[in-house]
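Hello,

Here is the structure I promised to pass on to you. Have a look through it first, and then read my notes below.

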Amino acid sequence: MRHYIIPIFIPHFGCEHNCIFCNQRKITGRETPVRHQEVQAIIDEHLTRITEKRHIEVAFYGGSFTALPLSMQSELLKPAYTALINKKIHGIRLSTRPDCISQQILDNLIRFGVSIIELGVQSLDNSVLDASARGHTALNVFEAITLIKKMNITCGIQLMPGLPLEDWNSLIHTAYGVIKLVPDFVRIYPTLVIANTQLATRYDNGSYKALSLSAGIIRSAYLKLFFEQQGILTIRTGLQATEDLDKGNIVLAGPYHPAFGEMVDSYIFYCMLAHFIESILPMDKNDPIIIHHHSHDTSKIRGIFNQNIKKVKRIYGIDHLILKQDGHSKNEIGFEYNNLYYVLNKKMIFFI
Ligand code: SF4
């Protein structure tokens with residue numbers, strides 16, 4: 001069944017921190033805190049709109065939900081819990097900080113039917129966390145996830161490649177830390193410079209260099225592939241496009257693109273194409289390379305606006321590629337060239 005999320009944004013509400021990249025009011029488009037009466041109204045309004053059978057979840061996003069006083073958490077959760085026990089929705093989820101998780105907090109969330117918690121982890125490198133003024137350490141993340149999993153609550157984490165002081169060593173350190181944590185899912189949001197943040201000031205004075213679009217894609221692709229290979233699902237790469245984000249005066253720099261997730265997937269397929277071509281060089285450019293693949297993957301192999309095909313031509317001088325949608329497995333390419341047949345699955349990329 002397809003999902004339907006009823007989003008309830010609590011921008012910065014409850015959070016006593018000021019992470020250098022954060023301006024939740026700009027990202028969520030809300031300037032004022034939400035109140036429990038509004039939660040009820042938002043749920044009711046969405047429920048009247050849903051006509052098809054869906055798996056419906058109420059999601060508290062945008063702030064640090066469990067940093068709110070316990071009584072306020074209960075107040076906000078009550079309307080969602082009522083909808084849950086009346087079988088109008090199927091689940092409640094929220095996002096929060098790793099250092100705002102305790103046994104008492106989790107007991108209360110369970111009492112109100114919360115079944116999924118997403119932690120803003122961002123990095124597992126303490127120097128990166130410190131440089132971003134996160135106010136917590138990697139140890140807090142390990143402790144929080146251990147407690148959440150002990151309570152049988154689904155736990156997702158959010159990562160932000162591209163924060164200050166992060167380099168490839170640091171990113172790899174984070175990736176290995178994540179596979180030890182075994183979260184139920186990951187979201188990857190490369191760092192963007194949002195207007196009216198400390199990061200924007202640093203970007204303006206030259207003390208922070210934002211990732212380019214291609215660097216953001218490469219780091220995200222590395223994390224996604226690495227996690228997939230370990231059986232950890234990445235459910236999103238890149239911020240969801242919104243009208244506000246697309247206006248151009250909110251995201252000042254960094255790897256933002258409305259089709260970022262698709263670009264990450266296309267890049268992974270480009271790596272597969274490049275790997276095969278490099279393994280047969282020097283090749284006779286008059287002989288075609290036939291790319292057998294599942295029809296689901298055609299657009300990812302081509303890339304947005306045929307970018308992958310154009311890049312292969314630009315870099316290797318090859319334009320004799322024939323795409324055949326006759327593959328049976330998604331994420332797999334069967335390359336045919338001369339008398340050679342070579343199968344490459346994207347999970348194999350780390351081994352080649
Ligand atoms: S913890 Fe979350 S809400 Fe609070 S400042 Fe940091 S990013 Fe923003």
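Which residues line the largest cavity? Before I get to that, please keep in mind that this is a predicted model. The lining is made up of Tyr189, Pro190, Leu192, Gly238, Leu239, Pro255, Tyr256, His257 and Phe260. Seven of these lining residues are nonpolar and two are polar, with no charged residue in the set. The volume of this largest cavity is about 50 Å³, and the count of cavities of 30 Å³ or more comes to one.

Next, the ligand. Eleven residues surround it, and the closest are His12, Cys15, Cys19, Cys22 and Arg97. By type, the shell around the ligand has four nonpolar, five polar and two charged residues.

Helix α4 covers residues 103-111, and its buried residues are Ile105, Leu106, Asn108 and Leu109. Viewed down the axis of α4, these buried residues fall within an arc of 160°, so they line one face of the helix. They pack against α3 (70-85), β3 (91-96), β4 (114-122) and α6 (138-150). Gln104 and Arg111, on the other side of α4, are exposed. After α4 comes glycine 113, which has a positive phi, near 80°.

Is serine 170 buried or exposed? Its relative accessible area is 4%, so serine 170 counts as buried. Leaving aside residues up to four places away in sequence, serine 170 touches Asp125 and Val128.

Enjoy exploring!

Best wishes

Conventions:
Residues are numbered from 1 along each chain as its sequence is written. This is a predicted model: local features need pLDDT of at least 70, side-chain atom pairs count only at pLDDT 80 or more; totals for chains, interfaces and linings use all residues. Side-chain values use heavy atoms; hydrogens and water are left out. On a 1 Å grid over the protein atoms alone, a cavity is a set of points where a 1.4 Å probe fits but cannot get out, and a pocket is an open set with protein on both sides within 12 Å along at least five of seven lines; lining residues have an atom within 4 Å of a point. Grid points are joined across faces, edges and corners, and a volume is the space filled by probe spheres set on the points. Ala, Val, Leu, Ile, Met, Phe, Trp, Tyr, Cys and Pro count as nonpolar, Asp, Glu, Lys and Arg as charged, and the others, Gly among them, as polar. Buried means under 20% relative accessible area, exposed over 50%, partly exposed in between (1.4 Å probe, protein chains only). Contact means heavy atoms within 4.5 Å. A residue is near a molecule or strand if one of its heavy atoms lies within 4 Å of it. Helices (H or I, at least four residues) and strands (E, at least two) are DSSP runs, numbered from the N terminus. The arc is that of the directions from the helix axis to the C-beta atoms.
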